[in-house]
There are 2 protein chains.
Amino acid sequence: MVRRSGRRPGNQDTKTSILEAARRTFADKGYDQASIRAIAGEAGVDPALVHHYFGTKEKLFLAAMNAPMNPAELIPKALAGPREGAGERLIRAALGVWDSPAGSAALAIFRSAMSNEWTARLLREFVVTQILRRAVSELVLDPAEAPLRSSLVATQIAGIMVARYVLRIEPLASADPEIIVAAVGPNVQRFLTDPMLEVFPLN
Amino acid sequence: MVRRSGRRPGNQDTKTSILEAARRTFADKGYDQASIRAIAGEAGVDPALVHHYFGTKEKLFLAAMNAPMNPAELIPKALAGPREGAGERLIRAALGVWDSPAGSAALAIFRSAMSNEWTARLLREFVVTQILRRAVSELVLDPAEAPLRSSLVATQIAGIMVARYVLRIEPLASADPEIIVAAVGPNVQRFLTDPMLEVFPLN
């Protein structure tokens with residue numbers, strides 16, 4: 001019997017199985033090592049079906065994360081422009097997402113990652129491969145320094161999430177976003193592009 | 001029947017009831033508004049018994065938080081010395097606790113606060129009244145600027161907790177503490193004592 005094309009009852013279950021397999025595989029192997037083939041195998045479906053439903057590995061990862069925004073669009077846009085304002089623009093972009101309706105989804109992922117080891121691994125892969133790696137590439141940072149610089153940037157961005165949105169420490173929680181951009185932006189800029197000779201001594 | 005003094009079976013239950021009442025009251029009213037009297041009332045015991053078991057309100061709060069260290073000792077010690085190195089000394093003190101055996105208790109409180117609203121309120125009260133308020137007082141900051149400055153410091157310290165200990169982003173997660181002190185200390189110093197004219201315009 002040949003089925004007609006169109007909406008089939010099994011589709012949603014299949015998509016859910018693929019997303020669950022993707023979450024397990026990305027958390028277990030890390031983003032770079034997780035292949036569409038491995039995820040398809042874990043879900044018990046053909047790799048072509050994964051491509052059909054989700055497109056690229058990157059798009060599948062964003063779907064598996066329930067990511068409320070696409071860093072592939074957001075990061076280059078945020079970092080376009082002169083190098084010296086990059087820190088402020090990065091903080092402005094983060095606050096733009098978190099203060100928007102999409103912010104509650106981001107907050108939910110963050111909270112879950114704090115108490116669940118597998119979600120923590122997924123969030124780490126998301127932050128490292130989708131956000132920090134893109135920022136490093138846009139700013140053309142020294143490859144020897146980029147990993148530590150970008151993980152320092154992660155501390156400052158994650159800390160705003162905790163203090164402003166989770167613990168809601170005042171006056172930060174109610175502060176105008178531009179006050180936070182002016183206060184925190186230069187610190188992020190230092191992590192990104194300052195020589196920091198005590199951290200990266202000249203050879 | 002008059003009981004003999006000494007260890008009674010009911011003691012541990014009474015202490016547990018007082019601690020539970022203290023957690024509810026501190027989270028509900030905030031540290032400043034929560035009185036020993038109110039906590040005793042919530043636990044259904046005499047206030048004198050609360051003082052007998054726990055001493056001061058501050059000591060009761062630390063017991064209720066399962067705090068692995070006492071900020072009343074740690075913060076003045078960390079901030080003693082010249083004003084200009086205060087940021088580095090604060091980060092060194094935080095890493096000293098978190099990298100020690102007491103760190104796992106601190107991490108457990110932090111994780112719990114991320115997913116539980118009541119624990120989040122307790123942790124906020126702990127951070128604001130026991131850590132930040134003490135730091136502000138030691139450094140004699142301008143009272144008009146101190147709340148925002150200290151909540152900015154909280155973002156950077158909380159962010160190290162997230163990136164190094166929860167998400168374990170490398171190379172930060174394995175970095176020597178003194179590298180982190182050198183990298184992050186000056187940023188904390190800026191939050192504490194830099195004029196930051198874009199944030200605090202001169203009147």
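UniProt, in an unreviewed entry, lists "domain: HTH tetR-type" for residues 12–72 of chain A. The model discussed here is predicted. In that model, residues 12–72 of chain A are 74% helix and 0% strand. Their end C-alpha atoms lie 26 Å apart.

**Fold of chain A**

What makes up the secondary structure of chain A? It comes to ten helices and zero strands. From the N terminus on, the elements run α-α-α-α-α-α-α-α-α-α. The C-alpha trace of chain A spans about 70 × 45 × 30 Å along its principal axes.

**Pairing of the chains**

Chain B superposes on chain A by a rotation of 180°, with 0.0 Å of shift along the axis. The RMSD is 0.0 Å. The two copies are thus related as by a two-fold rotation axis. Which C-alpha of chain B is nearest the axis? It is that of Gly159(B), 1.8 Å from the axis. Both copies use the same surface: 100% of the contact residues of chain B recur in chain A.

**Helices α9 and α10 of chain B**

Helix α9(B) covers residues 146–166, and helix α10(B) covers residues 177–193. They pack at an angle of about 160°, with their axes 8 Å apart. Angles over 145 degrees count as roughly antiparallel, and α9(B) and α10(B) are therefore roughly antiparallel to each other. Their crossing is right-handed.

Which residues make the contact? From α9(B) come Arg149(B), Leu152(B), Val153(B), Thr155(B), Gln156(B), Ile160(B) and Arg164(B). From α10(B) come Pro177(B), Ile180(B), Val184(B), Val188(B), Arg190(B), Phe191(B), Leu192(B) and Thr193(B). By type, the residues of this contact divide into nine nonpolar, three polar and three charged.

Notes
Residues numbered from 1 in each chain as written. Chains lettered and ligands numbered in written order. Predicted model: local features only at pLDDT ≥ 70, side-chain atom pairs only at ≥ 80, totals over all residues. Heavy atoms only, no water. Axes fitted to C-alpha atoms, helices over the stretch in contact; angles between N-to-C directions. Helix = DSSP H or I, 4+ residues; strand = E, 2+ residues; numbered from the N terminus. Parallel < 35°, antiparallel > 145°, perpendicular 65-115°, else oblique. Left-handed = near helix turned anticlockwise from the far one by under 90°. Contact = heavy atoms within 4.5 Å. Nonpolar A, V, L, I, M, F, W, Y, C, P; charged D, E, K, R; others polar. Least-squares fit on C-alpha atoms with pLDDT ≥ 70 in both. UniProt positions renumbered as here; feature names shortened; annotations may be inferred.
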